[in-house]
Amino acid sequence: MLDRRHPHITMPDVPPAMDAEQAAVEAHARDKELTKHHFEPHEHPCVRIEHLMKTFDGETQVLTDVNLTVWPGEVVCVLGPSGSGKSTMLRCINLLEKPTAGHILIEDNEITGHLGTKEVNRLRQNLGMVFQSFNLFPHLSAKGNVMIGQTKVLKKSKDEAEAEALKQLDAVGLLDRADFKPAQLSGGQQQRVAIARAVAMHPDILLFDEPTSALDPELVRGVLDVMRDLAENGGMTMIVVTHEMGFAREVADRVVFMEGGVVVEQGTPEMVFDNPQNPRTAEFLGSIG
Ligand SMILES: Nc1ncnc2c1ncn2[C@@H]1O[C@H](COP(=O)(O)OP(=O)(O)OP(=O)(O)O)[C@@H](O)[C@H]1O
Ligand SMILES: [Mg+2]
């Protein structure tokens, strides 16, 4: 297929999204060796990415052919060098970026294609995202930041939203900082507020884009502990782009290595860290390890 606006770029023809039953059968067969997460024979993946492509400005092809399935309750850590397309993939999953071609299905519903604002908003409610740079409202307290999505988007009453905010701030160890503004909090505390804010919306899936890489080293631990607790006790489905190899090894059910806009290799942490099959994975792990 030729991109009409940019005739020098040739887009590969992407097949239609797979039938849900068939996709689940194939994903079962493939993923049972690749993840520590246990899934039942009747289950379907909650995220299904097929031949995802993203090109910016018709020029820069960032995702060339990403294929990935994620199961309900699974914790997937995505590793890869800078510029490999990790953030772009996450941003495509919650439609902060519009995929150029290919398919993303959330609970077997295709989100690529033409969705109205209402449908996009509903999708985003179901997909929490935690960014590297926290993105808290500076004029609101920690509690206010955790409440605002609940009142504005979920239309909860102020009392309900406040009770939930205090519960989630307690869960991240910040109950005593509920009335502090972001500027009065450390980076690690701000990021824990951002996690509490995402969890308070009760999404099915949480996306994390390098949540600890803007933090001073001594603040990283506290944020990772909160994420570990969500993974192990919260039963949350999590896709985590991270450079924290210790976290990936200990907490991930599956590790995905991306480079050049494709998933180069994936498997359990033991498979990927201890016995990488692709030389590029080995080189990357060697360079940071
Ligand atoms: N809005 C944009 N317009 C043009 N190019 C972009 C845009 N966003 C990202 N890119 C390019 O896409 C490539 C992949 O970027 P992306 O942010 O997904 O990488 P990454 O794997 O998350 O890297 P990092 O580890 O540095 O965060 C980069 O080469 C980047 O320059
Ligand atoms: Mg990134």
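Me: Which residue just after α6 takes a positive phi?

Reply: This is a predicted model, so every value here is computed from predicted atoms. The residue is H202, with a phi of about 50°.

Me: How many residues of helix α6 are buried?

Reply: A residue counts as buried when its relative accessible area is under 20%. In α6, 14 of the 14 residues are buried, so the helix is largely enclosed by the rest of the structure.

Me: What span should helix α6 have, and what span does the model give?

Reply: Helix α6 covers residues 187-200, and at 1.5 Å a residue its 14 residues should span 20 Å.

Me: Now the charged side chains. Why can two of them pair?

Reply: Side chains of opposite charge can pair when their charged atoms come close. A search of the whole structure finds 15 salt bridges. One of them joins R254 and E74, with the closest N and O atoms 3.0 Å apart.

Me: Where do R254 and E74 lie?

Reply: R254 is in strand β9 (residues 254-259), while E74 is in the loop between β2 (60-70) and β3 (75-79), so the pair ties together parts that are 180 residues apart in sequence. Both R254 and E74 are buried.

Me: Are K143 and E162 buried or partly exposed?

Reply: One of each. K143 is buried, with a relative accessible area of 17%, whereas E162 is partly exposed at 24%. The cut-off that separates the two classes is 20%.

Me: Where in the structure do R221 and D225 lie?

Reply: The general idea comes first. An α-helix has 3.6 residues a turn, so residues three or four places apart point the same way. In this structure, R221 and D225 both lie in helix α7 (residues 217-233), four residues apart, about one turn of the helix. Their side chains meet in a salt bridge, 3.4 Å from N to O. R221 is partly exposed, at 47% relative accessibility, and D225 is partly exposed too, at 38%.

Me: Which residues do salt bridges that share partners join into one network?

Reply: The network consists of R30, D31, E74 and R254.

Me: What polar contact does the side chain of Q266 make?

Reply: The side chain of Q266 makes a polar contact with the side chain of R254, at 2.7 Å. Q266 is found in strand β10 (residues 262-267). At 17% relative accessibility, Q266 counts as buried.

Me: Now the ligand. Which residues are around ligand 1?

Reply: Around ligand 1 they are F56, V62, P81, S82, G83, S84, G85, K86, S87, T88, E210 and H243. The shell divides into three nonpolar, seven polar and two charged residues. Its largest share, three residues, comes from helix α2 (residues 86-93).

Me: How far is ligand 1 from N or O atoms of S82, S84 and T88?

Reply: An N or O atom in the side chain of S82 is 2.6 Å from an oxygen atom of ligand 1. For S84, a backbone N or O atom lies 3.2 Å from an oxygen atom of the ligand. For T88, the distance from a side-chain N or O atom to a ligand oxygen is 2.5 Å. The protein covers 60% of the 640 Å² of accessible area that ligand 1 has on its own.

Me: What separates N275 and D108?

Reply: N275 and D108 are 167 residues apart along the chain, and their C-alpha atoms are separated by 33 Å. N275 is found in the loop between α9 (269-274) and α10 (279-288). N275 is partly exposed, with a relative accessible area of 48%.

Conventions:
Residues numbered from 1 in each chain as written. Chains lettered and ligands numbered in written order. Predicted model: local features only at pLDDT ≥ 70, side-chain atom pairs only at ≥ 80, totals over all residues. Heavy atoms only, no water. Near = heavy atom within 4 Å. Polar contact = N/O pair within 3.5 Å; in protein donor to acceptor, adjacent residues only side chain to side chain. Areas by Shrake-Rupley, 256 points an atom, 1.4 Å probe, with all protein chains shown as cover. Helix = DSSP H or I, 4+ residues; strand = E, 2+ residues; numbered from the N terminus. Nonpolar A, V, L, I, M, F, W, Y, C, P; charged D, E, K, R; others polar. Salt bridge = Lys/Arg side-chain N within 4 Å of Asp/Glu carboxyl O. Buried < 20%, exposed > 50% of the residue type's maximum accessible area, 1.4 Å probe, protein only. Expected span 1.5 Å × (residues − 1).
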